[in-house]
Amino acid sequence: MTVEPQGMCPTLLIYAPVPLYRYAGEFFVESQAINGLRLWAQHFHHVTVMMPTLDQPPPPGWLPASQNQDQLRGVAIEPLPMAYRPDQFLRTYRSTRARIRQLIVRADVLSFAIGGLFGDWGAVSAFEAKKQKRAFAVWTDRVESEVVRTQTEGGRWIDRMRAWMTHRPMALLEKHVLGMADLGLLHGQETYEAYRSFCSNPQLVHDIHIRAEDHISGLQLSKKIDEVAEGPLNIIYAGRADAMKGPIDWIAVLERLQVLGVDFRATWLGDGVELTQMRRRVARSRLEDRVFLPGLLSQHDQVLEQLRAAQVFMFCHKTPESPRCLIESLCAGTPIVGYHGAFAQDLISRNAGGILVPRGDTEALAQEIADLAQNRQRLSQLIGQARRDGLPFTDEKVFAHRSRIIKRFLAPGSATSAQVIDVPRLPAAKKPKRCTLERRPLI
C-alpha cells in the first residue's frame with residue numbers, strides 16, 4: 001500500500017491495555033499487538049505506545065521486541081505499571097500520571113483505549129489530556145462495565161461482590177471519559193450503539209489482524225463447499241472460555257444436538273476460567289468423542305486454518321461487545337450462527353452470511369444448527385455468503401481507515417467540529433425473522 005511521506009504525518013501517542021512482559025532484560029509484546037503497531041507506524045511519523053507491564057515470563061504468543069525491530073520501526077514502547085488493584089493504582093498514580101503528562105506534551109495526536117476502573121491508564125491519560133486542553137480520541141471495543149455486571153450472576157462470592165461494587169462506577173467513568181473525548185473510535189456496531197450517545201463525535205471502526213492472504217481462497221472455498229455435502233457437521237468456536245462468551249450455553253446447544261440425533265464434531269479453541277467446567281459437562285454428557293476442548297492455540301495461523309476447515313462458527317456471546325472472531329470466521333468462509341447482537345447483525349447485513357437467534361435461546365440455536373446439518377444445500381449457500389461478507393475486512397484496510405479518521409479530526413490544524421467522515425459503511429440491516437434484540441440498561 002502507499003504510505004504517506006513521513007514529513008506530512010504527525011506523531012501518535014496511544015495507550016493499549018495489552019500486557020507487556022519484561023523478562024531477562026527484554027520486552028515481550030503480543031504478536032497481534034506487534035502487527036497493530038506496524039500498521040500504525042505506516043500512517044504516522046512516529047508512534048509511542050503506553051502498555052501495562054508485568055515483570056515475569058511471558059505466556060505463549062508474546063514475542064521479543066528485539067527480534068521484531070523491522071516491524072516495530074518507528075515505534076517506541078513506554079512501559080506503565082500494571083495496577084488493577086486499588087493499592088497498586090494509588091501507589092503508582094502520581095508518578096505514572098507525571099510520565100503520561102510528559103508523553104502527551106511531546107505528541108501531536110492522542111488516542112487512548114479505555115476499560116476498567118483502577119489501573120485504567122487510558123482514562124487517566126484522557127483526564128490529563130483534558131487538563132492540558134488537548135484534543136484526544138477514545139478507543140473501546142466492548143462495554144466493559146456490562147461485562148463486569150454479568151459477573152454478579154455467578155462464580156465465587158468474592159468475585160460477585162467485586163463486580164457488584166465496581167460495575168456502576170465503571171459505567172459512570174466510561175460515560176464521563178467519552179463525554180470529554182473529541183473523537184470516539186468505537187469498534188463494531190454493538191459498541192457503537194452502546195456508546196454513541198455519550199460522545200460528541202462517535203465513529204464506527206474495526207480492529208482486526210487478518211491479512212488479505214489469510215482469507216479463504218477461491219480454490220479452498222470450492223473444496224469446502226464440495227465437502228459439505230456429507231459427513232459430520234464441523235462446528236467451531238475460537239475465544240476465551242469466560243462467562244461473557246457463553247461457554248455453558250455452547251455446551252447446552254451441543255447436548256441438545258445430540259438428543260436431536262445430529263452427527264457433529266465441535267471444537268472450542270481457547271483457554272479460560274470456564275474451561276474446566278466445560279470439560280466436566282462434556283464428560284457428564286458423554287460427548288468426549290464429539291466435543292474437543294484443546295485449550296489455547298498460540299499460533300494465530302493455526303486458528304485461521306481451523307476456521308477455514310470448519311462449516312459453522314457457533315457463538316453464544318452474552319454481553320455487548322464486538323468480538324473479532326466473528327470477522328475472522330467470515331473471512332474464513334465459515335457462517336456465523338449464534339446469539340443476536342448489533343455487531344453480528346451488521347457484519348452479515350449485506351450477504352446474510354450467518355443466522356442469528358435471540359440471546360440466550362439455546363433451543364432456537366440448536367434447531368438452526370440441526371436444520372443446517374440436514375439441509376446441506378442451504379449450508380453451502382451460507383458458506384459462500386459468509387465469504388462475501390468477510391471480503392471487505394483486512395488489517396491494512398481497517399488501520400488505514402482509523403488513521404484517516406484520526407488525522408482528519410485530531411491532527412494539528414484539522415477541523416475539530418463533530419462530523420461523520422465519509423468512509424464505506426455496511427448498509428443498515430433488517431432484523432432476521434424470529435429474532436429480537438435484547439436491550440438492557442448499561443448503568
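These legends walk through several close-up views of a predicted model. Residues are numbered from 1 along each chain as its sequence is written, and side-chain values use heavy atoms, with hydrogens and water left out. Because the model is predicted, local features need pLDDT of at least 70 and side-chain atom pairs count only at pLDDT 80 or more, while totals for chains, interfaces and linings use all residues.

View 1. Follow the strands in the order 13-12-11-14-15-16, paired in parallel. Strands here are DSSP runs of E with at least two residues, helices are runs of H or I with at least four, and both are numbered from the N terminus; two strands pair if DSSP finds at least two bridges between them. Strand 13 (291–295) and strand 16 (354–357) each have a single partner strand, so one side of each is left without a neighbour in the sheet. On average, neighbouring strands of this sheet are turned by 20 degrees against each other, direction ignored. Axes are lines fitted to C-alpha atoms, for helices over the stretch in contact, and angles run from 0 to 180 degrees between N-to-C directions.

View 2. Three bridges join strand 14 (residues 312–315) to strand 15 (residues 336–339) in the parallel sense. Look for methionine 314, which stands opposite valine 337 in strand 15. Helix 10 (residues 300–309) packs on the sheet and touches strand 11, strand 12 and strand 14, where contact means heavy atoms within 4.5 Å. Helix 8 (residues 247–259) lies across strands 11, 12, 13, 14 and 15, running at about 170 degrees to strand 12.

**View 3. A salt bridge between aspartate 207 and arginine 402.** Their side chains meet with N to O at 2.6 Å; a salt bridge is a side-chain nitrogen of Lys or Arg within 4 Å of a carboxyl oxygen of Asp or Glu. Aspartate 207 sits in the loop between strand 10 (202–205) and helix 7 (218–227), and arginine 402 in helix 15 (residues 395–410), so the pair ties together parts that are 195 residues apart in sequence. Both residues are buried, meaning under 20% relative accessible area, with exposed over 50% and partly exposed in between (1.4 Å probe, protein chains only). The whole structure holds 22 salt bridges.

**View 4. A salt bridge between arginine 256 and glutamate 363.** The closest N and O atoms of this pair are 3.1 Å apart. Arginine 256 belongs to helix 8 and glutamate 363 to helix 13 (residues 362–374), 107 residues apart. Both ends are partly exposed: arginine 256 has a relative accessible area of 29%, and glutamate 363 has 37%.

**View 5. Aromatic pairs.** Rings of Phe, Tyr and Trp (its six-membered ring) pair if their centres lie within 6.5 Å; planes under 30 degrees apart count as stacked, over 60 as edge-to-face and the rest as tilted. The count comes to 11 aromatic pairs. Tyrosine 21 and tryptophan 62 are edge-to-face, 5.5 Å centre to centre with 85 degrees between the planes. Tyrosine 21 is buried at 9% relative accessibility, and tryptophan 62 is buried at 19%. Phenylalanine 89 and tryptophan 121 form a tilted pair, 5.2 Å centre to centre with 45 degrees between the planes. Ring pairs also link Phe89, Tyr93, Phe118 and Trp121 into a cluster.
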